[in-house]
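Hi,

Here's the structure I promised to pass on.

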Amino acid sequence: MSLETRITDDLKTAMKAKDQAALRSIRAVKAAIILTKTDGSGNELDEAGEIKLIQKLVKQRQESLGIYEKQGREDLAVTEREEIEILQRYLPQQLSEDELRPIITDIISQTGASGMKDMGKVMGMASAKLAGQADGKTISTMVKQLLT
């Protein structure tokens, strides 16, 4: 089932349940899908693109959450947390650091990386292999740890 179909079904369910948090989040995803489809590039939205789209929406909300928490706006922070939780349902299961370490170690050995000068090479392969399974920031931190 494509993300768009799943979103449409979940939107109907949220409307029937009168779940405002789910409605906000799902409508944001639906709007992002429509924007992506009509941006004029002519590119189809494949599964990898769908994951990137959801990750972008989660990242935006996490940044907003950080700002709201710094400013002491708990009322706005609650909304962001609810939306992050709902959006994460559409992402694949995220890998833990313990699961991530052997994968990145393997990538480092495959590329023959020996130091920080090879970080770009490792990050390119790791980002492609772990798309949707780990956040780019988490991957970057792990690569830095293993290369130094």
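This is a predicted model: local features need pLDDT of at least 70, side-chain atom pairs count only at pLDDT 80 or more; totals for chains, interfaces and linings use all residues.

**What's in the core**

In the largest nonpolar core there are 23 residues, and Leu3, Ile7, Ile26, Val29 and Ile54 touch the most other members. By nonpolar core I mean buried Ala, Val, Leu, Ile, Met, Phe, Trp, Tyr and Cys residues joined through side-chain atoms within 4.5 Å, with buried being under 20% relative accessible area (1.4 Å probe, protein chains only). Two or more residues each come from α1 (3–17), α2 (20–37), α3 (47–70) and α4 (74–87), and α2 gives the most, with seven. Helices here are DSSP runs of H or I, at least four residues, numbered from the N terminus.

Ile54 is worth a click: setting aside neighbours within four places in sequence, Ile54 is in contact (heavy atoms within 4.5 Å) with Leu3, Val29, Leu87, Tyr90 and Leu91.

Numbering runs from 1 along each chain as its sequence is written, and side-chain values use heavy atoms, with hydrogens and water left out.

As for the whole protein, there are seven helices and zero strands. The C-alpha trace spans about 55 × 40 × 30 Å along its principal axes, and 34% of the 148 residues count as buried. Of the contacts with a separation of 6 or more, 60% are between residues 24 or more positions apart.

Cheers

Key
Buried means under 20% relative accessible area, exposed over 50%, partly exposed in between (1.4 Å probe, protein chains only).
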